[in-house]
Amino acid sequence: MTVRDSCDVLIIGGGPAGLSTAMHLQRLAPDLQVRVLEKAHHPRPKLCGGGLTALAKQGLARLALPWPLPLPHVPVYTVHFRYSDDEVLLRNPEGVFAVVHRPEFDAYLAAEARRRDVRLEEGVAVQRLWPEGGGWRVETTQGVWHPRVIVAADGSRGTTRNWVISRRHHAVARLLEAVTPSDGALAQAETAIFDFSAVRQGLQGYLWTFPSQVDAAFHCNRGVYDARVARRAPKARLVPLLKAAFPDFPAPEGYPLHLFSPFQRLARPGMLLVGDAAGADPLFGEGIGPALAYGEIAAQSIVAAFRRRDFRFRDYRPRVLVSPLGRYLIRRWMAAWVGYRLARYPVPMRIIWSIAHGLAALSNYATARREQTHANSSHQ
Ligand SMILES: Cc1cc2nc3c(=O)[nH]c(=O)nc-3n(C[C@H](O)[C@H](O)[C@H](O)COP(=O)(O)OP(=O)(O)OC[C@H]3O[C@@H](n4cnc5c(N)ncnc54)[C@H](O)[C@@H]3O)c2cc1C
């Protein structure tokens, strides 16, 4: 097998997590030899709702990338959270989130990374790896690499994280999705819907309807998220749930989502996990914002490791847990762990729903106050 150059850091996967790690490394330590290996070619297909929240917006700002993004996206100013015939409304005139088409978004990140001299090799798949001589031996479809440090950014279907995470903490959500052409009514209303009604049928999650734009045409991105945090509970039947809610739903595509747990390991000597390999938000299945944020923390840990010549990465998990990302994920993990366990019982669900009403009212009030203050100060 061809032996390729050895490098300091080999990033496996060129999605948001891998590209964010590479761009932060390029900024913090341009002298490090970093390679990103991506098995596909951008723009590659990626099943995803494409919802970019405030966390993703912050992640893009930390990468000095502009907002609004210079690519097609649909802003969402009002979100409807539904349970049976009741509804909680969340409004934000600055946008609750924005919806992008993932293949375009990831291709944009890849182009930005290249523009900043990140060495991204597309069409190269990692096949096997193991520790060797104080670093790693990595066999790919195009030769062997000998990096000092590996960043596992190969997503929910990747296997690199098996070197770090025990099966006990391996929580994986189920998602089904379809993107269909639409008349654009939802996009023009700048609205998205999260419907939790199916928790009564054992769903540990929701059905979503997002407006989206693909090839400059309006589309509708719909799907179902089942966190499966209560692993012993009976599994909801996802396709019948989708068909009942959306009679015109075509054959959906499925994808797993590896979820964050505060108890799992995030590193081992010579290897760190980022993005889905480390774990996405268990409450909503949000992973793009977390992927961007993991990348920055991983880059800081790697720079510190090369400075100290200590590659055990004992600091990485504590760094993640005390960071804004860690606090965000811990809150979401707690809400999912308690909420989805109780949600199938009517009385606890009513209590949870009342809390949701209260939180949305507080958030809408705070937003309105901010708007008012802003309007007053611009009049003065
Ligand atoms: C149906 C669905 C809807 C979702 N909706 C949303 C949403 O609306 N908002 C949100 O924030 N999150 C959403 N998510 C989650 C989000 O898609 C992920 O959290 C996000 O993609 C994580 O980024 P990543 O870089 O870790 O992984 P990925 O984006 O999966 O990237 C991993 C990359 O690694 C590459 N790779 C894999 N194996 C190898 C290998 N052996 N060698 C080389 N390369 C390899 C892959 O080709 C891929 O490009 C959704 C997920 C699903 C499944």
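This is a predicted model: local features need pLDDT of at least 70, side-chain atom pairs count only at pLDDT 80 or more; totals for chains, interfaces and linings use all residues.
User: How many helices and strands does the protein chain have?

Analyst: The secondary structure of the protein chain comes to nine helices and 19 strands, and its C-alpha atoms fill a box of roughly 60 × 60 × 40 Å along the principal axes.

User: What radius of gyration would a compact globule with 380 residues have, and what does the chain have?

Analyst: A compact globule with 380 residues would have a radius of gyration near 21 Å, and the protein chain has 21 Å, so the two agree. Of those 380 residues, 44% count as buried. Among contacts between residues at least 6 apart in sequence, 72% join residues at least 24 apart.

User: OK, the ligand then. Which residues are closest to it?

Analyst: The ligand is surrounded by 38 residues, and the closest are G15, G49, G155, G275 and G287. By class, the shell has 16 nonpolar, 14 polar and eight charged residues.

User: Let's look at α1. Is it largely enclosed or exposed?

Analyst: Helix α1 is largely enclosed by the rest of the structure, because ten of its 13 residues are buried. Among the buried residues are P16, A17, M23, H24 and L25.

User: How far apart are the end C-alpha atoms of α1?

Analyst: The end C-alpha atoms of α1 are 18 Å apart, which agrees with the span of 18 Å that its 13 residues should have at 1.5 Å a residue.

User: Switching to the strands, which ones pair with β16?

Analyst: Strand β13 pairs with β16 in the antiparallel sense over eight bridges, and T180 has C220 of β16 as its bridge partner. Strand β15 (residues 205–214) also pairs with β16 in the antiparallel sense, over ten bridges, and here W208 has G223 as its bridge partner.

User: What about the hairpin of β15 and β16, how many residues lie between the strands?

Analyst: The hairpin has two residues between the strands, and D215 takes a positive phi near 50°.

User: Last one: why is β16 called largely enclosed?

Analyst: Eight of the ten residues of β16 (residues 217–226) are buried, so the strand is largely enclosed by the rest of the structure.

Definitions and conventions
Residues are numbered from 1 along each chain as its sequence is written. A residue is near a molecule or strand if its C-beta atom, placed from the backbone, lies within 6 Å of it. Ala, Val, Leu, Ile, Met, Phe, Trp, Tyr, Cys and Pro count as nonpolar, Asp, Glu, Lys and Arg as charged, and the others, Gly among them, as polar. Helices (H or I, at least four residues) and strands (E, at least two) are DSSP runs, numbered from the N terminus. The expected span of a helix is 1.5 Å times one less than its number of residues. A residue is buried if 20 or more other C-beta atoms lie within 10 Å of its own, exposed if 12 or fewer, and partly exposed in between; C-beta atoms are placed from the backbone. The radius of gyration is taken over C-alpha atoms; the globule rule is 2.2 Å times the number of residues to the power 0.38. Two residues are in contact if their C-beta atoms, placed from the backbone, lie within 7 Å. Two strands pair if DSSP finds at least two bridges between them.
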